[in-house]
Amino acid sequence: TDVDGAYKKIKEFVDEYNKLLDGFNSKLSEKTYRDFYPLTDEQKEAMSEADVKLWEEKAKSGLLKNDQTITNMMQKMRQDLYKEVEGFGGMYDIGITTGSWRDNGKLTIDEIKLKEALRNDSEKVLNTLFKTSDIPEQTINSSDSETVKAEKLALMNQRSSQMGAFSRVYDNLTSDEADVHYFIQMIMIDKVWMCTSNEYKQ
């Protein structure tokens, strides 16, 4: 096994995950400037481009402050990471943990422990993080009977327990429509802003 190469790939995922958390946390704690309302086209025309940009940065600030859906999603991501993988254990066994409470749930890597785990049993490391499940995704519909819902829920839990920590996070983020909506809302914040701004033009 290419220990250094495998370590690099794992570190890249951890770094991207931590960047994602930074983005979420910054939005959840972003200051709200209630006096900076969306500008109308007429107001923009009377201001310089630089002033408009500064104004709108203030007005957009805090749109997702203390958003409960994002908070719940972050909690679910942490649960997904720390849940043990059936037959392989948890990522804390291979040197990946969360830092102090000041780090807001960001992951840290014990490089020595992780590289040692890769040298000793690379298959266990890779399965702990990236294993997939043969059980297909399940969607619970409002029209399902209670029996069907219970069966689907059992399959969902079984699928989750079989998946590696990183695969589990990705799987849940891409399969939950409500959470994906919030990803899009954060990425496409300007479009959300345009919708808000239109209310002031009417």
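**Ground rules.** I'm working on a prediction, with local features needing pLDDT of at least 70 and side-chain atom pairs counting only at pLDDT 80 or more, while totals for chains, interfaces and linings use all residues. Numbering starts from 1 along each chain as its sequence is written, and side-chain values use heavy atoms, with hydrogens and water left out.

**Whole chain.** I looked up the elements and got nine helices and two strands (DSSP runs, H or I of at least four residues for helices, E of at least two for strands, numbered from the N terminus). Along the sequence they read α-α-α-α-β-β-α-α-α-α-α.

I then checked burial: 35% of the 202 residues are buried (under 20% relative accessible area, 1.4 Å probe, protein chains only). The accessible surface is about 12,500 Å², and carbon and sulfur atoms hold 50% of that (Shrake-Rupley, 1.4 Å probe).

For contacts (heavy atoms within 4.5 Å) with a separation of 6 or more, 70% join residues 24 or more positions apart.

**Helix 1 against helix 4.** I took helix 1 (residues 3-28) and helix 4 (residues 68-82); their axes come within 11 Å and cross at roughly 155° (lines fitted to C-alpha atoms over the stretch in contact, angles from 0 to 180 degrees between N-to-C directions). That crossing angle makes the two helices roughly antiparallel (over 145 degrees).

Who touches whom? From helix 1 I list Tyr17, Leu20, Leu21, Phe24, Asn25 and Leu28, which meet Ile70, Thr71, Met73, Met74, Met77, Arg78 and Leu81 of helix 4. Sorted by class, that contact has ten nonpolar, two polar and one charged residues.

How values were computed:
Angles under 35 degrees count as roughly parallel, over 145 as roughly antiparallel, 65 to 115 as roughly perpendicular and the rest as oblique. Ala, Val, Leu, Ile, Met, Phe, Trp, Tyr, Cys and Pro count as nonpolar, Asp, Glu, Lys and Arg as charged, and the others, Gly among them, as polar. Buried means under 20% relative accessible area, exposed over 50%, partly exposed in between (1.4 Å probe, protein chains only).
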